[in-house]
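Here is a friendly walk through one protein model, with the structure below to follow along. Keep it open in your viewer as you read.

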Amino acid sequence: MKDGKGRRIDYLRVSVTDRCNLRCIYCMPEEGIPLLAHSQVLKLEEILQLVEVIHRVLHLRKIRITGGEPLVRKNCEWLVERVSQLAETVMTTNGVLLADRAPGLARAGLSRVNISLDSLRDEVLQNVTRRNVTLRMIEKSIGAARANGIWPVKINCVVQKRVNQGELASMVKWAMDLGVTVRFIEHMPMEGSCSEGVEGGEIIAEIEASLGRFEPVPSENRTAELYRNAQGMEFGLIAPLWGDLCSRCTRLRLTCEGKLLPCLVSGDPLDLGVMLRQGDSPALMEEAIVSLVKSKPAKGRCEGVKMWRIGG
Ligand code: SAM
Ligand code: SF4
């Protein structure tokens with residue numbers, strides 16, 4: 001279905017939990033976040049019911065399971081197995097629990113995964129995540145994903161001033177050696193965040209200073225711009241502040257309490273969780289989804305988001 005601005009909306013991001021095993025400095029405050037009560041978080045069966053209703057309206061092309069950290073939600077493989085019957089199902093994860101779960105996720109039908117990794121240096125990883133994350137752990141998860149056919153893998157790296165600036169070119173080379181693509185993400189100012197971002201243009205300039213000129217490459221991806229140099233090295237850039245993501249946006253977001261968001265940062269959510277629990281008919285929900293899509297904002301302003309609740 002197309003929204004009021006002519007964009008085809010066929011991509012749903014589903015946050016299955018607001019809980020996380022890390023405390024990334026750009027996402028959550030050190031002391032953690034005010035968690036939803038267990039009764040507010042939808043059961044996996046309820047999330048599935050909502051995804052089915054949304055799918056009937058939008059004919060989804062892609063479903064992304066996210067969080068918080070999706071792999072801290074017990075048995076999220078159950079949901080993957082069901083939603084992957086509806087549309088291609090992928091996941092965004094911090095990778096810490098992925099090595100052990102990759103076989104089960106692959107059996108459930110997960111096709112691809114994006115893994116967050118902000119540095120190649122363990123001390124920086126531990127400062128950023130405020131937990132004991134190591135490069136070795138993430139490399140093991142990448143290997144497990146590959147061995148189980150969850151492939152290709154993309155790496156998400158939030159570029160932060162005085163944190164991982166200076167190692168972007170090394171990350172491009174590391175990614176190339178492993179056969180994965182790294183996407184550099186502009187930091188979005190958020191509630192509880194204590195990082196400072198770097199603008200997209202500066203990110204490209206830093207990489208070009210070490211690896212030579214990179215040219216934009218036409219790609220199917222509507223979120224990341226892909227860049228390639230003469231040696232065939234590549235990286236992606238996700239620049240919500242510097243670039244123009246909104247005109248190409250195809251997504252809606254469902255939070256773990258059942259709120260359907262027309263945009264990461266703007267517009268009024270539709271409380272499908274409440275509608276489901278009070279017994280509203282599927283037809284009524286479908287009608288409400290159609291009007292939400294029609295009113296999707298043309299542009300959002302990336303400030304003050306609760307990323308752990310919405311899932312990025
Ligand atoms: N826990 C999982 C993870 O970290 O991959 C999934 C949820 S996380 C909220 C989804 C994505 O949002 C991650 O790639 C993370 O790097 C990104 N993110 C979180 N806070 C951000 C911020 N302030 N600016 C830009 N990206 C952010
Ligand atoms: Fe957790 Fe992901 Fe937020 Fe880091 S970015 S604190 S891993 S939800």
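The largest nonpolar core has 93 residues, and F184 and L260 make the most contacts inside it. Helix α1 (residues 44–58) gives the most to this core, with nine residues. A nonpolar core here is a set of buried Ala, Val, Leu, Ile, Met, Phe, Trp, Tyr and Cys residues joined through side-chain atoms within 4.5 Å. Buried means under 20% relative accessible area, exposed means over 50%, and partly exposed is in between (1.4 Å probe, protein chains only).

Some ground rules before going further. This is a predicted model, in which local features need pLDDT of at least 70 and side-chain atom pairs count only at pLDDT 80 or more, while totals for chains, interfaces and linings use all residues. Residues are numbered from 1 along each chain as its sequence is written, chains are lettered from A and ligands numbered from 1 in the order in which they are written, and side-chain values use heavy atoms, with hydrogens and water left out.

**The sheet**

Helices (H or I, at least four residues) and strands (E, at least two) are DSSP runs, numbered from the N terminus. Two strands pair if DSSP finds at least two bridges between them. On that basis, 12 strands form an open sheet with mixed pairing, in the order β7-β8-β9-β6-β5-β4-β3-β2-β1-β10-β11-β12. The edges are β7 (214–217) and β12 (270–271), each with a single partner strand, so one side of each is left without a neighbour in the sheet.

Several of the pairings can be set side by side.

| Strand pair | Sense | Bridges | Residues standing opposite |
|---|---|---|---|
| β1 and β2 | parallel | five | S15 and T66 |
| β1 and β10 | parallel | four | Y11 and R251 |
| β10 and β11 | antiparallel | two | L254 and L260 |
| β8 and β9 | antiparallel | four | E225 and L237 |

Strand β2 is mostly covered, with five of its five residues buried. From β2, K62, R64 and T66 point one way and I63 and I65 the other, and all are buried.

What covers the picture at β10 (residues 251–254)? Both of its faces are covered: R251 and R253 on one side, and L252 and L254 on the other, are all buried. β10 and β11 form a hairpin with four residues between them, and G258 in the turn has a positive phi of about 95°.

Leaving aside its neighbours within four places in sequence, L260 is in contact (heavy atoms within 4.5 Å) with L12, I54, L252, R253, L254, P269, L270, L272, I289 and L292.

**The two ligands**

Which residues lie closest to ligand 1? Of the 20 residues that surround ligand 1, the closest are Y26, G68, S116, N156 and M188. A residue is counted as near a molecule if one of its heavy atoms lies within 4 Å of it. Three of these residues also make polar contacts, that is, pairs of N or O atoms within 3.5 Å. A backbone N or O atom of M188 lies 2.8 Å from a nitrogen atom of ligand 1, and a backbone N or O atom of G68 lies 3.0 Å from a nitrogen atom of this ligand. From N156, a polar side-chain atom lies 3.2 Å from an oxygen atom of ligand 1.

Around ligand 2 are C20, L22, C24, Y26, C27, G68 and N94. This shell has five nonpolar, two polar and no charged residues. In this classification Ala, Val, Leu, Ile, Met, Phe, Trp, Tyr, Cys and Pro count as nonpolar, Asp, Glu, Lys and Arg as charged, and the others, Gly among them, as polar.

**Backbone details**

A cis peptide bond joins W151 and P152, with omega about 0°, and P152 is found in the loop between α5 and β5 (153–159). W151 is also in contact with R146, a residue of helix α5 (residues 135–147). At 47% relative accessibility, R146 counts as partly exposed.

H59 is found in the loop between α1 and β2 (62–66) and, at 58% relative accessibility, counts as exposed. R130 lies in the loop between α4 (122–129) and α5.

Technical notes
A polar contact is a pair of N or O atoms within 3.5 Å; within protein, one must be able to donate a hydrogen and the other to accept it, and residues adjacent in sequence count only if both atoms are side-chain atoms.
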